[in-house]
Each structure stands twice: as structure tokens, then as C-alpha cells.
Amino acid sequence: MTIRLDHINKSFGDVHVLHDVHLSFEEREFVTLVGPSGCGKTTLLRIFAGLETATSGAIFHNDRLVSNLAPGKRDIAMVFQNYALYPQMDVFHNIGYGLRVRGVPKESIKVQVHEVARVLGLEDLLQRKPKQLSGGQRQRVALGRAMVRKPWLFLMDEPLSNLDAKLRVTMRSELKRFHISLETTTVYVTHDQLEAMTMSDRIAVMERGVIQQFGTPQEIYNHPANLFVAGFIGSPPMNVVEKVHVQNGKLFERGSGASHVLPVSSLDSFGTNLADRDLILGIRPQDVRIDPGPAADSLTGTIELIQLVGSEKLLDIRLPGGILLAAEVRADLPVRPTQEVGIEFDASGAHLFDAKTQRNVRHE
Amino acid sequence: MNSQFGHAALKVIKPALAYAALLLISYIICFPLIWALSTSLKPSSELSAMPPRIIPQTMTLVNYKHLITGKQQYFGASQGYQPSSAPPQHFMSWFLNSCIVSGGSTLISIVVSTLAAYSVTRFRYPGRRLVPYFSLLGYMVPSIILVFPLFMVMTRLGLTDSLWSLVFGYVSITLPFCMWLLWAFFRGLPLELEEAALIDGASRLRVFFEIVIPSAMPGIIAAAIFSLIVSWNDFLFGRVFMNSIEQLPLTVGVMLFFEGVHVDWGLLMASAVLMTVPMAILFMLMQRHLVAGFGAGAVKG
Amino acid sequence: MQADWKVADNRLGILFILPFVLAALVFMVYPVLDAVRMAFFYIDPLNPTGDHFAGFDNFRFIFSDPLFWKSFKNAAVWTGTSIVLQTLIGVSLALLLHLQLRGISFFRGLLLFPYIVPTVVIALTWQWMLNPEVGIVNYALKRAGLISENIYWLSTPGMAMISTIMLNVWKYTPFVTICVLARLQTIPLELYDAAAVDGASLVRRFLDITLPQLAEVLVVVIVFRTIWTFNKFEEIYLLTRGGPGTSTFNLAIYSFEQSIANLKMGVGAATGVFMMCLLFAGSVIYIRLFRFDEESTP
């Protein structure tokens with residue numbers, strides 16, 4: 001039982017917003033569309049909902065063409081970024097609106113609304129109007145309105161971005177738990193890569209209307225398909241070293257004029273056609289190995305800045321040749337500014353990208 | 001010390017001066033009506049008394065009684081009126097006429113504008129962008145230009161001297177601004193509410209009546225108030241379209257008081273007061289809405 | 001390629017705009033077009049089927065009628081004076097009402113009051129107040145020692161003009177005030193604080209901060225009020241009937257009298273066409289100015 005997007009294109013006048021989006025996923029999956037603003041993720045979600053129509057392409061629910069149905073007929077529910085609660089109705093009627101519209105008898109509505117309110121902790125608020133509620137409460141009402149219809153597909157448009165940081169963390173796990181207990185399929189839109197990583201079964205990373213990569217969080221994190229995905233996912237962001245090339249089995253960078261060897265433990269995992277190509281090296285701060293007491297022949301760099309982030313330290317290290325690297329180390333590692341430390345790149349955490357196509361060399 | 005005292009004194013004096021200025025200006029603005037009220041409560045003997053007093057020496061409601069009961073015997077030959085056509089006895093009919101005509105044309109303008117504003121802001125079709133600017137243009141056309149063609153139409157349709165002519169005539173002066181105001185207002189209503197309702201399964205029509213109209217109420221009320229005020233206050237259309245004395249709206253009828261040999265100012269001022277009271281009530285009840293409505297894109301006078 | 005439900009949806013949208021289109025055609029477009037048509041015909045309002053073509057006769061009539069040009073001149077003078085007064089008083093009032101005093105909203109609310117009062121009421125009340133013998137205005141002026149003889153406010157040509165100007169200013173200055181006040185309230189207070197810290201005096205702050213911000217609004221307001229005031233009918237007619245004689249005629253009154261009193265509706269319509277041309281010219285100026293203003297703001 002699949003949901004399939006078939007070659008979706010969308011233009012607004014001359015502006016081409018979605019390019020040949022092709023996606024398919026299973027029932028009960030939690031799929032996130034993530035990307036920077038303007039990447040098209042919200043437009044894609046709205047096409048899912050039927051609030052926009054694709055310029056070309058189709059949507060299928062289980063091989064049934066859905067894209068020519070009105071939004072109200074697709075058995076979907078949507079949680080909007082600004083909640084879109086009906087201001088003149090109280091919480092009870094907000095939640096029950098979809099049922100009322102479908103002609104569900106009053107007693108049944110009452111039972112179902114109360115059930116949902118109980119699950120969401122809204123029972124005391126049923127008589128209140130939206131303007132009397134806090135942001136978190138409104139969000140739960142929006143959720144309740146969607147949940148009570150027991151839809152086949154849940155759509156969420158950045159539902160957490162209007163909440164304060166602490167509430168956001170709590171709601172992340174709440175949302176995921178609801179998804180599991182309701183046994184529903186969810187398509188979730190966010191610009192926050194952490195939300196995407198923590199909540200999703202699979203993530204579609206989007207940029208400029210194109211899906212850059214679609215995979216599980218681990219796949220996306222450990223095997224980013226291109227430079228954009230590598231840089232977008234993961235915090236702190238991946239280090240990027242340009243003008244890299246392979247010669248005599250070693251990795252060189254020549255961005256600063258002179259050539260320096262980059263201390264990658266092994267080049268075997270990168271495949272064989274690395275020669276004569278301009279490459280870009282990507283390595284996450286977590287995969288940069290720091291040795292406070294460097295061996296004589298290893299590459300060393302100077303620590304310029306140390307930031308303590310709770311259980312880790314973030315180091316800014318200047319390499320000979322001018323490259324600045326970020327490295328994440330244990331907080332108790334004995335380092336100080338201006339110290340010279342040894343550096344090594346863990347091959348399993350290092351990625352090489354073709355400088356022209358920006359694609360991950362291992363994905364070719 | 002000295003300067004501190006001066007500073008503190010200034011702090012008290014400045015607002016005091018400001019309040020004084022404000023009170024004076026308010027008095028000047030309201031004085032004509034205060035004086036009208038005062039005059040209306042005076043018996044005719046006191047009208048030309050010198051010095052004129054704001055609070056009447058003897059307060060009397062006799063003028064109001066005359067107007068409201070309209071009994072013919074009050075308007076005898078002593079006042080120079082022909083008993084059968086004494087203008088003031090028709091006051092209550094005029095009042096009713098004005099109510100009917102203002103209400104009717106407001107209803108039409110509001111319904112038409114609300115539907116149109118929703119359509120123009122929610123759907124896409126060629127020419128929709130012209131509508132608001134066209135309305136704005138229409139609003140700027142002075143009624144003296146519209147009145148004669150419309151009069152000829154009413155004549156040909158045989159509607160002159162019937163209240164229908166005013167109901168329709170007033171639409172031409174209230175519709176443009178209502179359209180402009182409601183368009184500006186609907187533009188500001190968030191689409192998400194309607195989208196949520198559509199996803200909930202409501203039909204477009206249902207969304208319009210159950211979701212959009214309640215949200216649009218402030219704008220609709222502002223437009224309705226504007227429309228009521230403009231139609232109630234109009235003189236020109238009433239003067240041109242209507243003939244028989246019973247069919248006149250309040251504004252035109254009251255001007256007839258001048259045609260007697262002797263002008264009864266007390267009576268005249270009483271009718272002025274009664275004519276303003278509905279507007280004042282509307283004004284006070286909906287003051288918030290009026291200012292909000294004007295804020296929604298109106299810079300005209 | 002549109003889905004069925006989208007097509008039906010769009011149909012509703014078209015349905016909703018139809019009443020307006022109909023009403024606009026009948027009540028807005030048709031009268032204006034017919035007003036232009038009527039300018040080229042001899043029309044007697046008492047004889048609706050007796051129109052016959054007049055060519056440019058009506059226009060020849062008005063352009064050679066000294067009363068027409070007098071009306072035009074009166075309208076210009078009346079408008080100019082009213083606008084100047086409205087602007088000066090209006091801006092001062094706005095500055096006064098901008099103060100953060102307790103209960104200021106009550107006074108601000110009072111502003112729209114003159115606008116909602118029927119012009120008829122105001123005209124009647126002023127006629128009573130301006131009555132030479134028993135009116136309160138003359139009484140108050142004599143008591144204050146400003147005049148020794150009664151002023152005949154409405155039966156002397158010059159005074160009649162002044163009376164109508166006063167009425168116009170009374171009724172419409174609040175509009176100027178509201179627009180200016182709205183603009184004043186959007187000026188961030190920090191600008192004044194920064195200027196005060198920089199050492200600017202009260203007058204300087206007004207000239208350098210307030211006035212430039214007001215300039216935009218004032219231009220718009222003045223242009224609009226000018227267009228409006230030029231064509232006003234009731235404010236003059238109800239007070240003076242255009243009199244004494246024809247000394248307070250403006251173009252709107254001229255048109256009215258020609259149509260209703262002289263039974264020459266074609267002439268009235270021709271005057272209307274002339275007024276529309278002026279209106280059009282004024283709007284073009286407004287648009288030019290508006291666009292110019294938009295370009296000049298950084």
C-alpha cells in the first residue's frame with residue numbers, strides 16, 4: 001500500500017517551483033520534507049493536500065488517482081503552521097467541525113471529540129475560544145482537529161516552528177508517539193534538520209524544487225548523496241575543503257597555493273576513479289580526530305577558538321595553508337587556544353564530492 | 001530647587017493646557033448640535049429672548065410632541081400652513097421612509113460587495129484586479145453627475161416618487177466604497193482558515209457562510225455603517241427623485257419647513273435633533289468598527 | 001488541465017462576482033455614460049421622450065454663459081480657501097490629539113462626529129445660528145465687542161461665501177485630522193528620542209522628523225479633498241441655495257439649477273461632463289504625484 005508522487009512539476013507563472021518530483025513511500029511511514037526556505041517543500045505538501053494543483057504529474061494512493069479530487073475528498077487531515085483554528089468557535093466545535101460537516105450524528109461527535117480531547121489533555125479547555133489559549137494549547141487543538149477524523153494521511157506544515165524551544169522538544173516526541181499510536185501515514189514539512197532526523201522514518205531533502213536525496217536518517221547522515229545534503233544535515237555543519245585531488249594514493253589540497261597532504265586514514269573506500277578530478281572533501285566535526293600531543297610527522301593545526309557545549313568542546317583549528325576546520329571533541333580533552341594539535345580524518349566519516357556535479361563519489 | 005519646581009509645574013501645566021485646548025475644540029465641534037438641542041427644548045416664546053441661554057429657562061417637549069404625533073390640529077392657520085399639506089405632520093412618514101431606503105440600499109450594497117470581495121480575493125480569473133480600482137474610481141464620481149441620468153431611468157421605469165427609486169439610487173453612491181473597503185478587508189483575511197475547512201470536507205459554499213462571513217464581520221459592519229450614514233444623509237437624490245410630500249426622505253422633508261410664512265425654529269431644531277439621533281447612536285455603538293474600517297485602505301473624504 | 005472539482009469551484013467564484021458586475025454596469029457605468037450622452041441632447045425632465053440631438057450646443061451654451069465661469073471661479077476660490085484652512089487646522093488638531101494623555105481616545109472618537117451628521121442638519125442649525133437678529137453668533141460677537149452691527153451672514157454675497165466655507169471646514173477638517181493622526185502614530189518614537197539626545201529642539205524635531213513623514217499623507221489628502229470639495233453640492237445649496245442671487249454658485253449648483261429650475265437637463269449634463277474632465281485631470285495629477293512619491297522614498 002503505497003503513496004506515490006509521479007513526476008510532479010509546479011510553476012507559478014514563470015517561476016518553476018517543483019522539478020520532476022518523484023517519490024513513493026509506504027503506509028504508516030513518517031516522511032519528512034526538509035530543506036531551506038523556498039525549496040518547495042510547502043508547495044509540495046499543499047499539492048498533497050489538494051490546495052494547489054500540480055502543473056503536471058499525478059498523485060496516487062494505492063494506485064488510485066487522487067490528484068483530481070477535492071481536498072475534502074482525499075481523506076487527509078492537515079495541521080497548519082499557524083494552526084488555522086476557527087476563531088468564532090470554541091475548542092469543542094473546532095475539533096468537531098470535520099465530523100459535523102460529514103453529517104456524523106451529534107452524540108457520536110461528542111464521544112469522539114471528548115476522546116481526542118482526553119488524549120491531548122484538552123478536556124478542561126473545550127469551552128474556550130482560540131484566542132484564550134496559549135500557543136501550545138492551540139497547537140494541540142489543531143492536532144485534535146486532524147486526529148479526530150482518523151484520516152488516512154496526516155499532513156503537517158511546520159507545526160512546531162511557532163513554539164518556544166523547550167516546548168518544541170517535548171512536542172517532537174509527542175507527535176511521533178501520536179503517529180505511532182494512530183497507525184497513520186504522516187508527511188511532515190520542516191526547515192529544521194534536527195526535527196527531520198529525530199522524527200522520521202524517511203527524509204526527503206529538498207533544494208530549489210528538486211529532491212536531493214530520499215532515505216532513512218542514517219542513510220542521509222552517513223551517506224549524503226551530494227554536497228548540499230551533506231552540508232544541510234548534521235549539526236554543527238560539515239567541514240568543507242575545496243580544491244582537493246588525489247595523487248599517488250594520497251589526498252592533497254591546494255587551495256592555499258601550496259599543496260598539503262590531508263591525513264585521511266585510507267582512500268580505499270572511495271572507489272577507484274579518483275585521479276585527475278577536482279574534488280571536494282567533506283568531514284563532520286565529529287569525525288576529525290584530535291591528538292593533543294601530536295607525533296612528529298603528522299599534520300598539525302593551531303587551535304584558534306574553543307567553545308564549550310555541555311559535554312563536548314567545539315574547536316576552531318587553523319591548518320597550514322589557511323583552512324579553518326571545526327572539530328568536536330570530548331569536553332575533558334586537555335586543549336587550550338594557540339595549542340598545536342595533531343589532526344587525522346576518519347575515512348569512514350570522510351566524503352569526497354565531485355567538484356563539478358557535487359555528487360558524492362561513493363554514489364557513482 | 002527652582003528649576004525642579006518649574007519642571008514639576010510644567011509637567012502639570014502642559015497636560016492641563018492640552019486638556020483645556022481639547023475641551024475647547026470639542027465644544028466648538030459639538031456646539032451646533034448642543035445649540036440645536038437647546039433650541040428644540042425651548043417654548044416658542046423663549047426663542048428670540050435675549051440674552052440667549054444654553055439651558056432653557058423653561059424646558060418643553062412640545063416640539064418633539066408635534067413632530068412625533070404629527071397631529072394636524074397643531075399646525076393650524078396661525079402658523080401659515082394649509083392644514084391638508086402641513087409639512088411637519090409628515091415627519092414620522094419621512095423618518096420611516098429614510099429608514100426603509102437606507103436599510104434597503106445598504107442591504108443590497110453589502111450583499112453584492114461581500115460576494116464580490118470574496119470572489120475577487122479567492123479566485124483567479126481575468127480582470128479581477130480591475131474591480132477594486134474600478135470601485136475606487138466610481139467612488140470619486142460626484143453624485144451630481146449621477147443623479148440626472150438615474151432620474152431619467154427612474155422616470156422611464158415609472159419609479160419616480162416611489163421609495164424604490166431611492167433604494168436603487170443610493171446603491172450607486174454606496175456600492176463603490178463598500179466594494180473597496182470589503183476588498184481591502186477580505187484581502188487581509190488569512191486563507192488558512194478556509195483551507196483548513198476545505199480539508200475538513202466543507203464545500204466552498206459552506207466555507208463561505210460558516211467560516212468566512214463570521215471572520216469578515218468587522219469589515220462588513222464597517223461597510224454597512226458607512227452605507228447607512230451616506231444614504232440617510234443624502235439630500236440630492238431625494239430632492240430630484242421624489243415629489244409627493246409623504247414620499248420624501250427626512251432630509252428633503254425637513255427643508256420644506258422653510259416654505260411656510262413663519263419659520264418655527266424650535267420645531268426645525270427638534271427635527272434636526274431627531275434626524276441626527278439615529279446617526280449618533282450608530283456612531284457611538286460602532287465607533288471601533290468605523291475607525292478600523294477607515295483604516296483598511298480609505299484616505300478619502 | 002483542470003480537475004473537475006476545480007472547475008466547479010471556479011464557477012462559484014464567477015457566480016459570486018456576477019451581482020457586482022451587474023450592479024456596477026447599471027448603477028456606475030451606465031449613469032456616467034448616459035451623463036455624457038445627455039450632454040449632447042436637449043432634454044426636458046418633464047418630457048422624457050422628447051429628447052432631440054443638440055450637438056455641441058449645450059457646451060457652447062455653458063462656455064459662453066458668464067454665470068458658468070463665475071461658478072467655476074467660485075468653486076476654485078471656495079475649494080482653495082477650504083483646503084488651506086482644513087489642512088492648517090487639521091494638522092494642528094492631529095498634533096494635539098497625538099499626545100499621550102489619559103482619555104485621549106474619547107476625543108479622538110469625537111472626530112468623526114461632524115462627518116456623520118446629516119448636512120441638512122448642519123445647514124439648518126447654522127442658518128439658525130447665523131440668523132442676523134436672533135442668531136447666537138451675532139449675539140456672541142456683539143457681546144465680545146468684535147462687531148457693533150449685525151452681520152448678515154447669508155444675505156451678503158461675501159459673508160455667504162465665508163459661511164459656506166466655515167461649514168465645509170467644520171464638517172471635513174476631522175478627515176484631514178484622522179489621516180494625519182494615523183500617520184503620526186506610525187512614526188517610531190525612537191526617532192524623537194534620538195533627536196532629543198542629539199540636542200534638537202521641539203521645533204527642529206517637528207520640522208525634521210514629523211513634517212517629512214507627514215508630507216506624503218498630506219499630499220494625498222490634499223489632492224483628494226480638493227477633488228471632492230470642488231464638486232460639493234449640498235454644503236452650499238442647503239445653506240444659501242447658491243445665493244444671495246448667484247454669488248455662491250459652484251459648478252454643481254449651476255448644473256442642478258440648469259436641470260431642475262431651467263429644465264435644461266442637457267446643459268446640466270454638459271456641466272457634469274466638464275466637471276468629470278476636471279476630475280479626470282485631478283486624478284491623473286494624483287497618480288503622477290503618488291508614483292513620484294513612491295520613487296522618492298528610499
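Let's start with one pair of residues: Ile317(A) stands opposite Leu325(A) in strand β18(A). Before I go on, a word on what we're looking at. This is a predicted model, where local features need pLDDT of at least 70, side-chain atom pairs count only at pLDDT 80 or more, and totals for chains, interfaces and linings use all residues. Residues are numbered from 1 along each chain as its sequence is written, while chains are lettered from A and ligands numbered from 1 in the order in which they are written.

Okay, back to our pair. Strand β17 (residues 312-318) of chain A runs antiparallel to β18(A), and seven bridges link them. Some terms here: strands are DSSP runs of E with at least two residues, helices are runs of H or I with at least four, and both are numbered from the N terminus. Two strands pair if DSSP finds at least two bridges between them.

These two strands belong to an open, antiparallel sheet of five strands, in the order β15-β19-β16-β17-β18 (chain A).

Let's zoom in on β11(A). Strand β11 (residues 239-247) of chain A pairs with strand β14 (residues 279-283) of chain A in the antiparallel sense, over four bridges. Val240(A) sits opposite Gly282(A) in β14(A), and Val241(A) sits opposite Leu281(A). β11(A) also pairs with strand β12 (residues 250-253) of chain A, antiparallel over four bridges, with Val246(A) opposite Leu251(A). How many residues lie between β11(A) and β12(A) in their hairpin? Two, and Asn248(A) in the turn has a positive phi of about 55 degrees.

Over to chain B, for some helices. The axes of helix α3 (residues 91-122) and helix α6 (residues 163-187) of chain B come within 7 Å and cross at roughly 35 degrees. (Axes are lines fitted to C-alpha atoms, for helices over the stretch in contact, and angles run from 0 to 180 degrees between N-to-C directions.) The crossing of α3(B) and α6(B) is right-handed, meaning the near helix is turned clockwise from the far one by less than a right angle.

Now, chain C meets chain B: 72 residues of chain C are in contact with 73 residues of chain B. Contact means that the C-beta atoms, placed from the backbone, lie within 7 Å. Which helix gives the largest share of the chain C side? That's helix α1 (residues 4-38) of chain C, with 17 residues.

Last, how confident is the predictor? Chain C has a mean pLDDT of 85, with 96% of its residues at 70 or more; pLDDT is the confidence in each residue, from 0 to 100. Within chain C, helix α4 (residues 104-110) is lowest at a mean of 77, and helix α12 (residues 251-261) is highest at 91. The model as a whole scores ipTM 0.84 and pTM 0.82.

Note on methods:
pLDDT = per-residue confidence, 0-100. Contact = placed C-beta atoms within 7 Å.
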